Amino acid sequence: MFKLTSLNLNGIRSAATKGVIPWIETTRPDCICVQEIKAQQADMLDKFDVIDEMNGYFQFAEKKGYSGVGVYTRHAPSDVVIGFSPNEFDAEGRYVELRFDTPTRKFSIISCYFPSGSSGEIRQAAKYRFLAELHPHLMRLRAERDFILCGDVNIAHTNADIKNWRSNQKNSGFLPEERSWMTQLLEKETETGGLVDVYRVLQPDTTDACYTWWSNRGQAYANNVGWRLDYHLATPAIAALARREHIYKDVKFSDHAPITIDYDFQL
């Protein structure tokens, strides 16, 4: 089995103080995609650039203490693609793609951190620009290779993916336009869709058990008032190989929980 984990760290230094490194060493994923590193390259060297013998590949935000994504892997990639949006979003550190190509296969693992629009109209507009730019990029990738995109998508797709769906319909992360973008991306056998929400293949009916993010306000975590914001989005051939999923909630490393899926293949 190929074990692939995705986790928004909400700061790698913070998560490290809460035990994320020993947890990774115990669970031993083949790859782990991380988001919101909130660090620069100098902060990572000799501390977090290698974890449990996995080499890390990163895109850091220009702004210190902000965003940043990475992929740690036990397997040497054939190529590394840093960023997809040179005109705007690469400066925010939101996309790393590792390619594991062979003469008979083209396959990528992507760590991606979608913008949040919760701070106001300016960032919500940026989020819509990000979605508009990412969609055709993913369609071009789908046309030429298999891939799994792991990340904090900052969108709860359906009513089952959020505790208080009625009261959140006008809030960023559950707006109709955002959810429609996800629906289009996941439509089967269309030129503008064709990706698969892997967790929902394995767990089509879960509600309370599916959440991966909880607000720090009030008692959201204690009362499981959560959102499912963290996804594995895969091309169909790879999604069909998913066998098991697990959202780890025993220890809280950040405001997100890690989601791990086992796939029936090897790199």
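How many aromatic pairs does the structure hold? In this predicted model, there are 15 aromatic pairs.

Select Phe84 and Tyr95 to begin. Their ring centres are 5.2 Å apart and their planes meet at 50°, so this pair is tilted; an angle over 60 degrees would be needed for edge-to-face. Now colour by secondary structure. Phe84 lies in the loop between β6 (79-82) and β7 (95-99), while Tyr95 is in strand β7, so the pair ties together parts eleven residues apart in sequence. Both Phe84 and Tyr95 are buried.

Move on to Trp214 and Tyr221. Which kind of pair do the rings of Trp214 and Tyr221 make? The centres are 4.9 Å apart and the planes stand at 85°, so the pair is edge-to-face. Tyr221, at 29%, is partly exposed.

The charged end of Lys252 sits over the Tyr221 ring, 5.1 Å from the ring centre. Tyr221 thus has a ring partner in Trp214 and a charge over its ring from Lys252.

For the last stop, select Lys63 and Tyr66. Here Lys63 lies over the face of Tyr66, at 5.0 Å from the centre of the ring.

Technical notes. Residues numbered from 1 in each chain as written. Predicted model: local features only at pLDDT ≥ 70, side-chain atom pairs only at ≥ 80, totals over all residues. Heavy atoms only, no water. Phe/Tyr/Trp six-rings, centres within 6.5 Å; stacked < 30°, edge-to-face > 60°. Helix = DSSP H or I, 4+ residues; strand = E, 2+ residues; numbered from the N terminus. Buried < 20%, exposed > 50% of the residue type's maximum accessible area, 1.4 Å probe, protein only. Lys NZ or Arg CZ within 6 Å of the ring centre and 35° of its normal.
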